[in-house]
Amino acid sequence: MTDRTAASRTTTAGPHAPVDRTAAPTTFATLRALDSSPRGLTEEAAAARLVRHGPNTPPARRAGSWPRRLARSLRDPFTMVLFFLGLVSATVASWGTACVILVLVAVSCVLRSLGEHRADRALDLLRGRTADTVSTRRRDDEACEGRVREVPVDDLVPGDVILLGPGDLVPADVRLLRSQGLSVHQAALTGESAPVDKSANDLPTSGDNLPASGNGLPARADGLPAAPGTGVFVQPRLCFQGSGVASGSGTAVVLATGADTHFAAVHRATGRPSTSAFDRSVHGLSWTLIRFLLITPPLVLLANAALYGRGLETLPFAVAVAVGLTPEMLPVVVTNCLARGAARLARTHGVIVKRLPALHDLGAADVLCLDKTGTLTQDRPVLARALDACGREDPGVLHWAAVNSWWTLQLAEIPAPDALDEALLDVADPDELMAYDGVSALPRDPGRRLSTAVLRTPGALGSHTLVVKGAPEAVLERCALPAGQRAALLADAAREAASGLRVLAVATAERRAGARPVAPADERGLTFRGFVTFTDAVQPSAGPALARLAERGVTFKVLTGDHPGTAVRACRDLGVEPGVVRTGAEIDATADDAELAALARDTIVFARCTPLHKARVVTALRSAGHTTGFLGDGVNDLPALYAADVGCCPQGAADVARESADVVLATKDLASLEHAVTAGRASSANIASYLRVTLSSNLGNVIAMLVAGLLLPFLPMLPAQVLVQNLCFDAAQLSFAHDHPDPAALRRPAVLRPRALLRFVTGFGLLGAVADFATFAVLAVCLPGSFGLGDEVTFHSGWFTENLLTQALVMVMLRTGRRAVESRTPGVVPWAATALAATGVLLPLSPVGPLLGMSGMPAVYYPLVGAVLVGYAAALFALRGLVRRRADLPDAAAARG
């Protein structure tokens, strides 16, 4: 079997030399190399080749097992640190701390694995786009004639002879043996929105041998040039897996299947970036905090040993301090926030988030790259205008074009109209079409690039009318026109094409009725009627959705393999002025990613892009510091889907694109993507709220604990008390996953900037430490002595209560949730904070208090600590306002760090 690294060029079948798809073998040479014939393979030969080559299945993502998913969850930095701290706690016999930490690790891993499992199950329901069977010519033995039978696509092998018709998906890479008016959609492979003509003729393979357009590129049926750089895809006698038959029919021999197809080669050539936006932000914060965690326990041990001669008995306290600094609920809160957002999207908008961190990346995205075909447009043309030779609107031109489409379809026995004919018939009057009697027709083929219908002329016995429609160059060269007028009309057609319209020319002629059917020789001396132009139908919701995303700080780039004019037209139809359009050639001319990022900064549309061009633009934008999303639906979009921070595709995308994307949309509707961006920002805002609250509170608490540990003759808080305090705080903070962010937090990309967040945490942490020091002063007033050993229980009780009260206050004031004035109900976070405050006051007074080494406080303590809380709240309010003014984002500054 052929080496799979060369699979995009060769296919081995039997003992013969491999077929080189970039060379120009004749039909006979191809069949001989494949050891096949027009009658097809025998069942015995097909079975042997199936064993040799394997099933004809496209590459697909292997669903991860539960152990694999759990192992991936453990790679989170904070999860690893928590796991390590749990082991240390168990080593020093701090079993309560160890059990709580390990339970948190397990809950986080299970929640994340469950989210991925739900996404995999939802994706299973979307599979099955490719055809189940294919019409194949097989023989029972060598002596039999081949007969057509339905064979499972998976059982197709090189050398099989298959039949293709309108609407069929091409199941493998094939070489045409016979064809009639065949054209295929290759948008999934090349991004070219118009159908491409295919022919079984033994022509040279170079695209230069096709009829040329004005720029020297192979011309399409509608007059626009084919995309450059598409290489093997412009070869007229080759069709490829992943494309679909638009019109006509054909018989072909299979060259390559499964992993040896071009479809699979594009998939293998792609790879995931090393990190996403979520990885970069959370990991940067994680490792900064991990350094603090590694330093804190040794400092506590050394200080206690130097000042009080305490030894390893302070190790549990040192571990408890490290745990107190750790946002141990981060993996659980992050997973819960993202999982809830993903579940809500799937339930309300049909959006499937396959990788939970991708929801955060969508919320952080500030650049959205789009493939035009299938995302901004609907993959179908609509009529734009019908113009006469002078450029004026003329309904008569549309009438003759529709008559040609209808009678060619009827008389040539074409199973279904192509996209342009369908657009004409959609706007035609059926009564006018049936007013004629059809005589004969010549369907369009790649060589002539036009179609002809012959009709009986009403009221004129013995006279026939020829109606001809096709590519402007092909029709005008058959018209009786002066050379100057023909050149002027060709220039008009070129201008229309350059503006992004597809152009067809229409001509008629009167002929004497004859006994023989129409022939190409009759298509001479025609009377030119005019041009019919078409535009790609845009998605109705795309324009408003792009406008709303732009208002929320998301710019967009159109990366398409289509003609620049077509892309410009689509943008203008959406209400977007595209500005200067860049092409794939200009991308190639840039020296490095920095230069390309500078070029992309002021460019909205990149046209004539190959798959690697799209990926390079996305990579350059990421290297410039942008968080990028990419929305595409074809095999040609795979490299860009992988290169982006988050790859998105619609449900109807190519199977391999759907498997590779991070987010799958229910429809080709940008409104669904807008909802996903909003959900990502909401989840990220809640995660940011948790980080601000827990890190600020923990830092202030740890600073006060370290200072008190150095000044007091006893431990400022027992390890069990630290553990209970953390459990209460952690349980309250689970409410952040259910919070409703303030609308201001959803107006900008939710970027988690570690440095800015750490500055925020440092400021509010120091403020929290000041509140703790004020509480120490209050405790000094309440206690009769000066913090002697006998005062240990009272000190522990008073500080425990104040810690939970200040943490409850921070939860309410530093969140990004809706303010109380905007909602009739307080919301889940204020209720959780109230419960936390009540626990802080009542727990020392309860029967559990003495078990934890705490007791009730003197009555004077409560008004004094109340005064501390009022001062702390005022300071929090003033500092919060200062931070927001500097960030110039009311109510959302904290969410941005």
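## Surroundings of Thr775

In this predicted model, Thr775 touches Glu802 and Val868, leaving aside residues up to four places away in sequence, where contact means heavy atoms within 4.5 Å. Thr775 belongs to helix α27, helices being DSSP runs of H or I with at least four residues and strands being runs of E with at least two, both numbered from the N terminus. Thr775 is buried, its relative accessible area being 0%; the term applies under 20%, with exposed over 50% and partly exposed in between, for a 1.4 Å probe and protein chains only. A polar atom of the Thr775 side chain lies 2.9 Å from the backbone oxygen of Ala771.

Residues are numbered from 1 along each chain as its sequence is written, and side-chain values use heavy atoms, with hydrogens and water left out. Because the model is predicted, local features need pLDDT of at least 70 and side-chain atom pairs count only at pLDDT 80 or more, whereas totals for chains, interfaces and linings use all residues.

## Packing of α27 on α28

Helix α27 (residues 754-782) packs against helix α28 (residues 792-813) at an angle of about 140 degrees, the axes being 10 Å apart; axes are lines fitted to C-alpha atoms, for helices over the stretch in contact, and angles run from 0 to 180 degrees between N-to-C directions. On the α27 side the contact is made by Ala771, Asp772, Thr775, Phe776 and Leu779, and on the α28 side by Thr794, Phe795, Gly798, Trp799, Glu802 and Asn803. These residues divide into 5 nonpolar, 4 polar and 2 charged, a scheme in which Gly counts as polar.

## The antiparallel sheet

Strands β17 and β18 are joined by 7 bridges, and Thr508 stands opposite Thr527 in β18.

## The buried residues of α14

In helix α14 (residues 419-427), the buried residues are Ala419, Leu420, Asp421, Ala423 and Leu424. Their cover includes β13 (377-387), α13 (395-411), β16 (463-470), β17 (502-512) and β18 (527-538).

Notes:
Polar contact = N/O pair within 3.5 Å; in protein donor to acceptor, adjacent residues only side chain to side chain. Pairing = 2+ DSSP bridges.
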